[in-house]
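Hi everyone, thanks for coming.

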Amino acid sequence: ALLLQQDSSLNNYQVKNKLFTSATADQFTGPVPNPTWGYGKLNVLKAAGYRGIALIELGRDTLDFGSALKLVAKEDSVDIRNPGSEALTINSITTSSGIFSVRNTSMVVPPRGRAYLTISVTPTDTGAFSGYVEIASDDTSNPLVRITLIGRGDFAPVAGITPDSIVAILNEGEKAAYALTL
């Protein structure tokens, strides 16, 4: 009915063809056509010529690395979702500082799909650190989003032992026991 309301000159064959060619296939439908899903999921808006939309949603907008050892990389990830009806194209992913890095600098998130962005920090000093990751996408309502990055650089623990050396001269079959403090 919506297709005929848009163009009343369509015949039955044209309506059917628009519905078949605009049907959506995804991980649930598998390859189409098939006996369960036919030609896929009905997408009337696409059949009517309306362009779908891509939307970006972040699982969290702040990533707290907590304690990260100086000069040792620590990773965490952020969930990026696309509840839209078209694929979300992420054109660039940049970091604010050289202590942060990302595995991917671009990606495509399928409609109603998700992807995971892995972010690393390698603190160059001790103390608090902060920065951000900026994500540019084709979401027309929110083309640029930021993830705030925070944490603290710490020294690696240093182990010591007392005494620092033990000397024992033993004859064959003799034993010696010494207490060490770590």
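Let me start with a term: a polar contact is a pair of N or O atoms within 3.5 Å, where, within protein, one must be able to donate a hydrogen and the other to accept it, and residues adjacent in sequence count only if both atoms are side-chain atoms. With that in hand, take Asn43: its side chain makes a polar contact with the side chain of Thr24, at 3.3 Å.

Quick housekeeping. What you see is a predicted model, so local features need pLDDT of at least 70 and side-chain atom pairs count only at pLDDT 80 or more, while totals for chains, interfaces and linings use all residues. Residues are numbered from 1 along each chain as its sequence is written, and side-chain values use heavy atoms, with hydrogens and water left out.

Okay, back to Asn43. Where is it? Asn43 is in the loop between α2 (12-22) and α3 (44-47). When I say helix or strand, I mean DSSP runs numbered from the N terminus: H or I with at least four residues for helices, E with at least two for strands. Is Asn43 buried or exposed? Asn43 is buried, with a relative accessible area of 16%; buried means under 20%, exposed over 50%, and partly exposed in between, using a 1.4 Å probe and protein chains only.

Leaving out residues up to four places away in sequence, Asn43 touches Ser22 and Thr24, and touching, or contact, means heavy atoms within 4.5 Å. Ser22 sits in helix α2 and is buried too, at 4% relative accessibility. The side chain of Ser22 reaches two backbone oxygens: that of Lys18 at 2.7 Å and that of Asn43 at 3.5 Å. Again leaving aside neighbours within four places, Ser22 is in contact with Asn43, Lys46 and Ala47.

Now the sheets. Strands of a sheet pair through backbone hydrogen bonds, either parallel or antiparallel. Here, two strands count as paired if DSSP finds at least two bridges between them.

Let's zoom in on β4. It runs antiparallel to β6, joined by 3 bridges; there, Thr89 has Val108 as its bridge partner, and Leu88 stands opposite Val109. β4 also pairs with β8 in the antiparallel sense, over 5 bridges, with Thr94 opposite Glu134 in β8.

The other open sheet to point out has 4 strands, in the order β1-β3-β7-β5, and its pairing is antiparallel. Its edge strands are β1 (57-58) and β5, each pairing on one side only. Between β3 and β7 there are 9 bridges, and Ser77 stands opposite Thr118 in β7.

So what about the inside? In soluble globular proteins, nonpolar side chains tend to be buried together. A nonpolar core is a set of buried Ala, Val, Leu, Ile, Met, Phe, Trp, Tyr and Cys residues joined through side-chain atoms within 4.5 Å. The largest one here has 26 residues, and those with the most contacts inside it include Ile80, Ile90 and Leu117. β7 (113-121) is among the strands that each supply at least two residues, and β7 gives the most, with 4. A second, separate core has 5 residues, including Leu3, Leu10, Val15 and Ala47.

Last stop: the rings. The structure holds 3 aromatic pairs. Rings of Phe, Tyr and Trp (its six-membered ring) pair if their centres lie within 6.5 Å; planes under 30 degrees apart are stacked, over 60 edge-to-face, and the rest tilted. Phe65 and Phe129 make a tilted pair, 6.4 Å centre to centre with 50° between the planes. Phe65 is in strand β2 and Phe129 in strand β8, so the pair ties together parts 64 residues apart in sequence. Phe100 and Phe129 pair edge-to-face, at 6.0 Å and 65°. Ring pairs link Phe65, Phe100 and Phe129 into a cluster. That's me done, thanks!
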